[in-house]
Amino acid sequence: AEVRRQDAPGYDELINFARARDKEQVQCVMCGRRPGGAVVIPRQNKDVCRECDRVVWLHGRSGVHFKWCKGCKRFLNLFRFG
């Protein structure tokens, strides 16, 4: 499959679950799991857990493959990691 080189859609368009409004409701915005045990959600990760910040995602509507950038704390198109 061809890698689309356009920018990934914005954060709010890419996440699967809404960000928590307070600490008691924190969950990963991609997989929905809550912190505890093997699930770690670093504060600086904008509610993306450590498992989900390592994988490549596909945005269905745009066809863009994207990944979490630990440096800039944003989702970027996969081609930017090459």
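F75 is buried, at a relative accessible area of 6%, where buried denotes under 20% relative accessible area, exposed over 50% and partly exposed the range in between, computed with a 1.4 Å probe on protein chains only. The model is predicted, with local features requiring pLDDT of at least 70 and side-chain atom pairs counted only at pLDDT 80 or more, whereas totals for chains, interfaces and linings use all residues. Residues are numbered from 1 along each chain as its sequence is written, and side-chain values use heavy atoms, with hydrogens and water left out.

The largest nonpolar core has 16 residues, and within this core M30 and F75 touch the most other members. Such a core is a set of buried Ala, Val, Leu, Ile, Met, Phe, Trp, Tyr and Cys residues joined through side-chain atoms within 4.5 Å. In soluble globular proteins, nonpolar side chains tend to be buried together. Leaving aside residues up to four places away in sequence, F75 touches A8, Y11, L14, I15, M30, V48, F66, K67 and W68; contact here means heavy atoms within 4.5 Å.

The whole structure holds three aromatic pairs. Rings of Phe, Tyr and Trp (its six-membered ring) pair if their centres lie within 6.5 Å, and planes under 30 degrees apart count as stacked, over 60 as edge-to-face and the rest as tilted. Y11 and F75 form a stacked pair, 6.0 Å centre to centre with 25 degrees between the planes. This pair links distant parts of the chain, Y11 lying in helix 1 and F75 in strand 3, 64 residues apart; helices (H or I, at least four residues) and strands (E, at least two) are DSSP runs numbered from the N terminus. The ring centres of W68 and F75 are 4.9 Å apart and their planes stand at 75 degrees, so this pair is edge-to-face. W68 and F75 are both buried. One aromatic cluster is formed by Y11, F66, W68 and F75.

Attention now turns to charged side chains. There are four salt bridges, each defined as a side-chain nitrogen of Lys or Arg within 4 Å of a carboxyl oxygen of Asp or Glu. R80 and D7 meet in one of them, at 2.5 Å from N to O. R80 lies in the segment after strand 3 (74-77) and D7 in the segment before helix 1 (11-14), 73 residues apart. Another salt bridge joins K70 and D53, whose closest N and O atoms are 3.6 Å apart. K70 is partly exposed, with a relative accessible area of 45%, whereas D53 is buried, at 4%.
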